[in-house]
Amino acid sequence: MRIVFAGTPDFAVPSLRAAAQRNEVVAVCTQPDRPAGRGRELALSPVKREALSRGLPVMQPENFKSAASRAALRELQPDLMVVVAYGLILPQSVLDIPSYGCWNVHASLLPRWRGAAPIQRAIEAGDRDSGVCLMQMEKGLDTGPVLLSQTLSIGETETGGQLHDRLAALGAQVLTDGLGLLRAGMRPIAQPQPQEGVTYAHKLDKAEARLDWNQPAPALANKVRAFNPWPMADASIAGERVRVHGAIAVPLQHSVEPGSVLQAGREGIDIACGEGALRIRVLQRDGGKAITAADYLNGRRDLAVAR
């Protein structure tokens, strides 16, 4: 079987490894190198680094709108194109090139959380379960029929980064299962997605990271988990803006202004919310590193507690 793999970030690397196990990957498509870091030097995507380490040919079209980019793909005579967090929308003219079409590894239980940030949105919404779907791609955004799926439970304190890594590994396993069936001549049966329960996981924005103390504490705790490691929740504690790495909701009753410090100690800093309180356990001062609440309080002797 001749496979073209298309992906860009870390999430796609385990799936690339799975697809390449039998030396069937004839080329890897990834987004063009982008400026990154303080020096703004061109950086290779994680998928490109993995492909080069395996000696796989790499293609980096800006998009597939040009006839030349589609012709280059067609010349590879692919049986299947595997797409994992590629970051580019594929036109129907590309989806039609491989004999078996294009498969997508998507980090949600479709039709819930179609779109760009399914992992973070699931945690932010308080979902108890997530998973991976292997989908037959259509022109629409994550609308194609599901070939295979696997479910996992989201831990009560699990962060976006931790769930990302677990789903990346699960995605590689689901892809391996699908490829195994295809090799054996048992093409997975495509199941249309339900019309009910469709939600969209909009792209993350740094502006969302600011915690609004008027919201209920459980919602803020979910946001802290979801946005770790990026864009990382930030908040104001007694006039100082900090990044919040770890926090939990506590059912403290209060009648003070949201944003007030209710209590502070080794267990954390309890901030009054619209409902309950958010106990901040790990945080980061501007220009510093992540520290425990106890270490933070050593430098904030002035921290006033609401009465």
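Me: Which residues form a nonpolar patch on the surface?

Reply: In this predicted model, the patch consists of Leu141, Val198 and Tyr200, which together have about 260 Å² of accessible area. Leu141 lies in the loop between β9 (129-136) and β10 (146-153).

Me: Why does Leu141 count as partly exposed?

Reply: The relative accessibility of Leu141 is 49%. Buried requires under 20% and exposed over 50%, so Leu141 falls in between and is partly exposed.

Me: Why is Cys133 called buried?

Reply: Its relative accessible area is 2%. The cut-off for buried is under 20%, so Cys133 is buried. Cys273, at 0%, is buried by that cut-off as well.

Me: Which residues have the most contacts inside the largest nonpolar core?

Reply: They are Phe5, Val25, Val28, Trp103, Leu167 and Leu175, in a core of 42 residues. Helix α6 (residues 160-183) supplies the largest share of this core, eight residues. Another core, of 24 residues, lies apart from it and includes Leu211, Leu220, Val261 and Ala293.

Me: With which residues is Val25 in contact, leaving aside neighbours within four places in sequence?

Reply: Val25 is in contact with Ile3, Phe5, Ala19, Ala20 and Leu56.

Technical notes: Residues numbered from 1 in each chain as written. Predicted model: local features only at pLDDT ≥ 70, side-chain atom pairs only at ≥ 80, totals over all residues. Heavy atoms only, no water. Core = buried A, V, L, I, M, F, W, Y, C linked by side-chain atoms within 4.5 Å. Buried < 20%, exposed > 50% of the residue type's maximum accessible area, 1.4 Å probe, protein only. Helix = DSSP H or I, 4+ residues; strand = E, 2+ residues; numbered from the N terminus. Contact = heavy atoms within 4.5 Å. Patch = residues over 30% accessible without salt bridge, like charges linked within 9 Å, V, L, I, M, F, W, Y side chains within 5 Å. Areas by Shrake-Rupley, 256 points an atom, 1.4 Å probe, with all protein chains shown as cover. Salt bridge = Lys/Arg side-chain N within 4 Å of Asp/Glu carboxyl O.
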